[in-house]
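Trainee: I would like to learn how to read a model one feature at a time. Could you take me through this one?

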Amino acid sequence: MSCTEQELSTQDMLQGHIDLHHHLYGYHKSMALLCATDLGIPGAIHRRGGAATISDIVADTMIPPAKLPHLRRLMRVLSVSGIFAVEEDVYKLTPASRLLVGDKASCNFSPLVHLVVSPAMLTTFSSLSPWFRDGRNASPTALFEMAHGMPPWEMMKRDDTMNSALNDACVADSSFLMEIALRERGDVVFRGLRSLVDVGGGHGGAAMAIAKAFPDIKCSVLDLPHVISQAPDDGTVCFIAGDMFEDIPPADAVLLKHVLHCWDADDCVKILGQCKKAIPARGDGGKVILINPVIGYGVKQDSTLKETQVLADMNMIAIGGAEREEHEFKKIFLDAGFSDYRIMPVLGLMSIIEVYP
Ligand SMILES: C[S@@+](CC[C@H](N)C(=O)[O-])C[C@H]1O[C@@H](n2cnc3c(N)ncnc32)[C@H](O)[C@@H]1O
């Protein structure tokens with residue numbers, strides 16, 4: 001049957017043709033972003049005071065001049081998609097590329113680019129359709145494991161480059177988000193706590209920010225031994241090597257930032273069950289604090305947010321986790337024995353959720 005027989009207007013057919021190609025070529029945005037980050041283009045523009053010509057970029061990044069026409073094409077893709085701005089052949093940083101430059105951890109998300117667009121993740125997603133078809137087990141192997149023969153946390157343990165990329169990306173994300181979270185919601189969420197344990201807290205980016213803003217809160221970080229062994233221990237927080245499925249040290253509050261989305265609902269219930277054992281009753285100030293996207297939150301204010309939320313959820317398929325809607329969180333909280341929760345207004349992509357025993 002031809003398209004015309006399906007009664008598509010010419011205009012619909014041509015629009016469909018555009019939309020299909022928009023999807024087909026969509027991954028070139030990620031590849032172009034990775035390439036620009038590798039070549040150091042955002043940093044080169046930044047060092048020129050935030051504006052640079054293509055010749056400046058060629059000179060500063062030591063790209064062979066013969067590649068200049070191709071560099072123009074790369075820059076055109078990244079300008080059309082909002083990573084750079086261009087005016088009369090001068091490229092400028094946008095708020096997005098501003099997050100890829102600088103020494104301060106909160107301003108440099110380059111490790112995240114290297115992690116999300118890593119060969120390991122690209123290989124993982126090329127197994128997506130065989131993974132969907134694989135129905136041999138009741139609890140099927142996670143996509144990452146099917147592609148690499150080991151779970152992601154095992155690969156992090158064995159592969160120093162991946163481990164560092166994850167830990168550096170987490171520190172960047174934590175420095176950035178916690179600065180805003182503490183400024184906007186710090187008093188409501190953290191004031192009055194005597195102790196807090198950041199579970200799956202990586203190299204302690206979030207816990208250190210909380211400890212600096214609220215020196216009276218005794219902050220600890222629990223993570224796996226291979227992560228804690230490389231953590232920068234400056235005495236601000238206490239690092240504990242352990243397993244959140246087995247034991248969580250007691251504290252007034254447990255922080256789970258970007259942790260539950262790595263796990264399926266059953267594992268989330270187990271993790272929250274351990275959290276519940278670690279905190280006092282609600283009347284004594286006990287709570288779990290989640291910093292996580294909630295699908296659907298804040299989307300009225302930003303049309304790209306919903307798409308970003310669901311793409312982030314797709315990314316989580318790789319490791320057997322998920323981004324969730326409010327009703328899915330609610331079920332997990334209830335199944336883990338919690339009585340109530342409160343979602344705070346969104347921090348861009350993130351929400352803060354307080355969960356009460
Ligand atoms: C996505 S990272 C989030 C890190 C940090 N909370 C942040 O937001 O930047 C998930 C963290 O959970 C840790 N993790 C995974 N399994 C764990 C376990 N069984 N016990 C403790 N931590 C674990 C990982 O090592 C990693 O640091």
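This is a predicted model: local features need pLDDT of at least 70, side-chain atom pairs count only at pLDDT 80 or more; totals for chains, interfaces and linings use all residues.

Trainee: How is the protein chain divided into domains?

Mentor: The protein chain is divided into domain 1, which covers 4-101, and domain 2, which covers 119-356. Taken over C-alpha atoms, the centres of domain 1 and domain 2 are separated by 32 Å.

Trainee: How are two packed helices described?

Mentor: Two packed helices are described by the angle between their axes together with the distance between those axes. For helix α2 (residues 27-39) and helix α5 (residues 68-80), the axes come within 10 Å and cross at roughly 115°, and the crossing of α2 and α5 is left-handed.

Trainee: Which residues of α2 and α5 meet, and how do they divide by class?

Mentor: From α2, the residues K29, A32, L33, C35 and A36 meet L74, V77 and L78 of α5. The residues in this contact of α2 with α5 divide into seven nonpolar, no polar and one charged.

Trainee: At what angle do α12 and α13 pack?

Mentor: Helix α12 (residues 160-190) and helix α13 (residues 205-213) have axes 10 Å apart and pack at an angle of about 45°, which means that α12 is oblique to α13. The crossing of α12 and α13 is right-handed. On the α12 side the contact is made by S174, M178, L182 and F190, and on the α13 side by G205, A206, A209, I210 and A213. By class, the residues of the contact of α12 with α13 comprise seven nonpolar, two polar and no charged.

Trainee: Which residues of α13 are buried, and what do they pack against?

Mentor: In α13, the buried residues are G205, A206, A207, M208, I210 and A211. The buried residues of α13 pack against α12, and also against the strands β4 (195-199), β5 (218-223), β6 (238-241) and β7.

Trainee: How do α15 and α17 pack, and which residues meet?

Mentor: With axes 9 Å apart, α15 and helix α17 (residues 326-335) pack at an angle of about 45°, so α15 is oblique to α17. The crossing of α15 and α17 is right-handed. In α15 the residues A265, C268, V269 and L272 meet I332, F333 and D335 in α17, and by class this contact of α15 with α17 has six nonpolar, no polar and one charged residues.

Trainee: Where are M62 and D89 found?

Mentor: M62 lies in the loop between α4 (54-61) and α5, whereas D89 has its place in the loop between β2 (84-87) and β3 (90-93). D89, at 47% relative accessibility, counts as partly exposed.

Trainee: Is C262 buried or exposed, and which residues does C262 touch?

Mentor: C262 is buried, because its relative accessible area of 9% is under the 20% cut-off. The place of C262 is in the loop between β7 (253-257) and α15 (265-278). Leaving aside residues up to four places away in sequence, C262 touches W153, M316, I319, G320 and G321. The C-alpha atoms of C262 and G321 are separated by 4.2 Å, although these residues are 59 residues apart along the chain.

Conventions
Residues are numbered from 1 along each chain as its sequence is written. Side-chain values use heavy atoms; hydrogens and water are left out. Domain bounds come from an automatic or database domain assignment. Axes are lines fitted to C-alpha atoms, for helices over the stretch in contact, and angles run from 0 to 180 degrees between N-to-C directions. Helices (H or I, at least four residues) and strands (E, at least two) are DSSP runs, numbered from the N terminus. A crossing is left-handed if the near helix is turned anticlockwise from the far one by less than a right angle, and right-handed if clockwise. Contact means heavy atoms within 4.5 Å. Ala, Val, Leu, Ile, Met, Phe, Trp, Tyr, Cys and Pro count as nonpolar, Asp, Glu, Lys and Arg as charged, and the others, Gly among them, as polar. Angles under 35 degrees count as roughly parallel, over 145 as roughly antiparallel, 65 to 115 as roughly perpendicular and the rest as oblique. Buried means under 20% relative accessible area, exposed over 50%, partly exposed in between (1.4 Å probe, protein chains only).
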